[in-house]
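Subject: Structure handover, aromatic rings

Hello,

Here is the structure I said I would pass on. My notes on its aromatic side chains follow below it.

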Amino acid sequence: MSATRDPLPGAADLSTRTGDPGLHRLAAGALLISFQGTTAPDWVLRGLEDGLGGVCLFGFNVADGEQIAALTARLNEAGRPVVSLDEEGGDVTRLAYHTGSVYPGNAALGAVDDVALTERVYHAMAADLARCGVNFDIGPVADVNTADDNPIIGTRSFGSTPDLVARHTVAAVRGLQSAGIAACVKHFPGHGATLQDSHLEIPLVDAPLDVLRERELVPFVAAIEAGAKSIMTAHVAVPELTGDLPATLSARALTWLLRRELGYDGVVLTDALDMHAISGSVGLAEGAVRALAAGADLLCLGPLPTAEDVRGMVDHIVDAVAEGRLAAERLEEAAARVERLRDWFDGTRPSPNGSSVNGEAANGEVVGLDAARRAVSLTGSAGPLTDPFVVEIDTPPTIAVGEVPWGIAPWLPEAEIVRVKPSEADAGELLGRARKRSLIVVVKDAHRHPDSRELVSALLAARPDAVVMEMGLPIWRPGAGAYIATYGAARANARAAVELLSGDPSTAGQ
């Protein structure tokens, strides 16, 4: 193990123990930490000075474009961090967490199936990221969504067939990396066939290896061939591959399959270790050691771990090396891969032109709206709207999405809009308010929520002329006067749907 580099002042901040400062720095360099607030706490800045690998930002770290640019500039003053976040477009956005994204997500892009469009959308998103000082996008999602009831992927996937997902994953990687943003393709070896959420438990992909190679792995192989700078692990168990371990902790998944069979030598990032699939099984610190031993290079932490947790993880990694449970050479290998990634950052020069945060510059908004317009579809006929009454059926957000605003209110200001919980809604009362008015019922992934379907069916029984707008996956299609499928609930999707509904794109939202 090499320990010749002098530690920066304050190296003890990374650990509660004495010992080899070079080893402590290597251990800290594997962590991608998070923090609360719109300014970096002192412990984060000291940690970056002392070798922390980088940061993962969330919606609560973002106020506006100027603030996030100032935050990332301050982080870069403290070190050479990997500055990352989940910017997928569509439902999962961090830069536009408080407003909703101007870009449709992967399901919409897959529905259009124009790889040039997908590349343009991701290039525009990359321009947003570069302008804000982010250098690493935890995306695109390369999961093949073969389970309709998948609670965590859904519209985040390009689709349900391997070839379609593969070609759009490649387009997304090219769009991001041509603008100087490293792509992190996720979630290896595939999260699309699961019926559980790894934020809450260890999901199961019960597929033999030959099925895995023909289905889940196809987009990852394509991404590797396209030069993806990083791949994120999934906390999913594949019995034939990982036994009962999540892939994040499985050397057979990360070293044998990803490194050796698929030949990948880029940075392997774990999904957040504070997700219950890891923290609730082996624990945060032990999960860090086992993930590194399995072949991961960077360990992602969500918003839960504290400064004390981070110090404890560094100590635990150092102890594991001392105990012989983790090879020091494994840490050095991980550090070398991350350093090559930083060298790539230094060698790329993101264009200063392009979109800004929240799509404030025209380019990103135009590109995103064009994509959303091409994705949205209408079955049936809505006719002219008369004093529209809109019932938006509330859907609990997934942990990955968070509390991002959704709905059509910004684009249909003349309508009366009510947001109801299906278990508490009175269909008769809603129908009374909709009498002699155009009734529009807006849902998200109604196929996954029986109470939503029950309410929609009750409304349609009395009002078969109503419009149903599905802002998730259009799997359940009830008989209605008109059915609009948006393939996502981003601002761009909502605007495109209202334009189609009104029949006059030039006036939507005016």
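Phe 188 is buried, with a relative accessible area of 0%. This is a predicted model, and the values here are computed from it.

Phe 220 is likewise buried, with a relative accessible area of 0%.

Phe 60 has a relative accessible area of 31% and is partly exposed.

The rings of Phe 188 and Phe 220 form a pair, with 5.4 Å between their centres. Their planes meet at 90°, and because an angle over 60 degrees counts as edge-to-face, this pair is edge-to-face. Phe 188 belongs to strand β5 (residues 182–188), while Phe 220 belongs to helix α8 (residues 217–225). The two are 32 residues apart, so the pair links distant parts of the chain.

The count of aromatic pairs comes to 3. Another one of them joins Phe 58 and Phe 60, at 5.5 Å centre to centre. The angle between those planes is 15°, which is under 30 degrees, so this pair is stacked.

Two charged side chains also sit over rings. Arg 252 lies over the face of Trp 256, at 4.1 Å from the ring centre. Lys 444 lies over the face of Trp 406, and here the distance from the ring centre is 5.0 Å.

Regards

Technical notes: Residues numbered from 1 in each chain as written. Predicted model: local features only at pLDDT ≥ 70, side-chain atom pairs only at ≥ 80, totals over all residues. Heavy atoms only, no water. Phe/Tyr/Trp six-rings, centres within 6.5 Å; stacked < 30°, edge-to-face > 60°. Buried < 20%, exposed > 50% of the residue type's maximum accessible area, 1.4 Å probe, protein only. Helix = DSSP H or I, 4+ residues; strand = E, 2+ residues; numbered from the N terminus. Lys NZ or Arg CZ within 6 Å of the ring centre and 35° of its normal.
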